[in-house]
Amino acid sequence: PGGVGKTALALEVARRLAVLYDDTPYVDLTRAETSGQVLSLVAEALRIGRTGGDAMAGVLRRLGNRRVLLVLDNCELVAGPMAEDVAGLLRGAPGLRVLATSRVVLSVPGESVVRLAPLPTEAGGDAVRLVAERIEALPESVRSHIDREHLLAISAKTAGLPLAIELAVAQLRTWPVADVIEALDDPLETLRTPDRVGPEHHRDLEANIAWSERLLDPAAATLLARLSVFRSSFGAAAVVPVAGFEPLDDSATKNAFRRLVDASLVMMQPGLSTRYSLLEPVRHYAQRRLDSKGETGLAGARHARYYVEHFEALGPKINRGTEAGALGLARPDDENLRVAVTWAVEAGDGELGQRGAAAAMSFWRATENVQTVLPLVDAALEVSTSPSRVRSELLFVAAPVYALARGSACLLYTSPSPRDL
């Protein structure tokens, strides 16, 4: 993703490998307004004069048999045409190696792709260490007010993105650390700098994400906005039911999702079952886009309905122990269910909220997590107080939990739903 530190890493790799090469020229392709300028910029980096009409031939003559590590930075805007130029250079210069940074894969023959992830934000993680290192450069009057909890909070709220960390720490020169941490709840407004040095997408987090969005086709950009309704990780099976509506059909949604993963705007989380997520700054940006499209209500409703129905299907299996893996299937989507019930309550959809709370009670009881969700159950009951079958079911499954929460003598048991009696 943007801001993850691709440029810094490429320059450090080139520095360490410089002893193995005759030259390590660097080319910043943000200067390439057209694809035809790529070879001209390479020629400039190789200190070649005018190449005449055939820039490729001039560059290849200069390279000859020398061992050269060519660093091409920010390749994404000219990735397609540039890939042909790079392939031609590699074929014609046996001693050439290319180290490229890009937000999209170049698809050059022989290409090895190394995907960079954000820095780990847990205690002792690289993100925390980077925050600490950058804070060491601040005046003592600022450092003296910053403790370990502040480091962890900044690391978490910047999602481990080095660019976001740099911009957040820069704010500490002006604002108290508590104010900066609170402001990071809206990272797009907070993470920018008045500095004039360097390209804008290195000085402003919103501009950085917008730079990535410019690379997307309309279908992928539309899907990215819709995926902002996922506040936590999600499975691939949820993408089409939640975000695949007009003008995107099922096939277009699946293809657009693949492109977002390839562009690292949707992050793949390793594990026994593959999950996906949006980094929080990206989700904030995408949420703004969704609001501007007027699709927030529809996407939120589809998300809520999907997860309510998902837990309605899993609930009886957890309740009766008929499927050993049902609890494992439900656990990763706990937060999505809470978001679904909250959305239903805030939208005034009492039936959907009560269905979600009732379907989830077996899961919440099984995970001994009921105390934290009772306020959510209360809200679902209060949004619609009219007698109904759905409300009765929620009261039925919640009654033992309420009794225990109030200290009454009551057996927390598993029983059929009223609809099964």
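Visitor: Which helix gives the largest share of the lining of the largest pocket?
Guide: Helix 1 does, with four residues; this is a predicted model, in which local features need pLDDT of at least 70 and side-chain atom pairs count only at pLDDT 80 or more, while totals for chains, interfaces and linings use all residues. Residues are numbered from 1 along each chain as its sequence is written, and side-chain values use heavy atoms, with hydrogens and water left out.

Visitor: What volume does that pocket have?
Guide: The largest pocket has a volume of about 710 Å³, the space filled by probe spheres set on its grid points, which are joined across faces, edges and corners. A pocket here is an open set of points on a 1 Å grid where a 1.4 Å probe fits, with protein on both sides within 12 Å along at least five of seven lines, and lining residues have an atom within 4 Å of a point.

Visitor: And which residues are closest to its centre?
Guide: Of the 29 lining residues, those are A100, T101, S112, V113 and V114.

Visitor: Switching to helices 3 and 4, at what angle do they pack?
Guide: Helix 3 (residues 55-63) and helix 4 (residues 79-92), both DSSP runs (H or I, at least four residues), pack at about 40°, with their axes 10 Å apart.

Conventions: Axes fitted to C-alpha atoms, helices over the stretch in contact; angles between N-to-C directions. Helix = DSSP H or I, 4+ residues; strand = E, 2+ residues; numbered from the N terminus.
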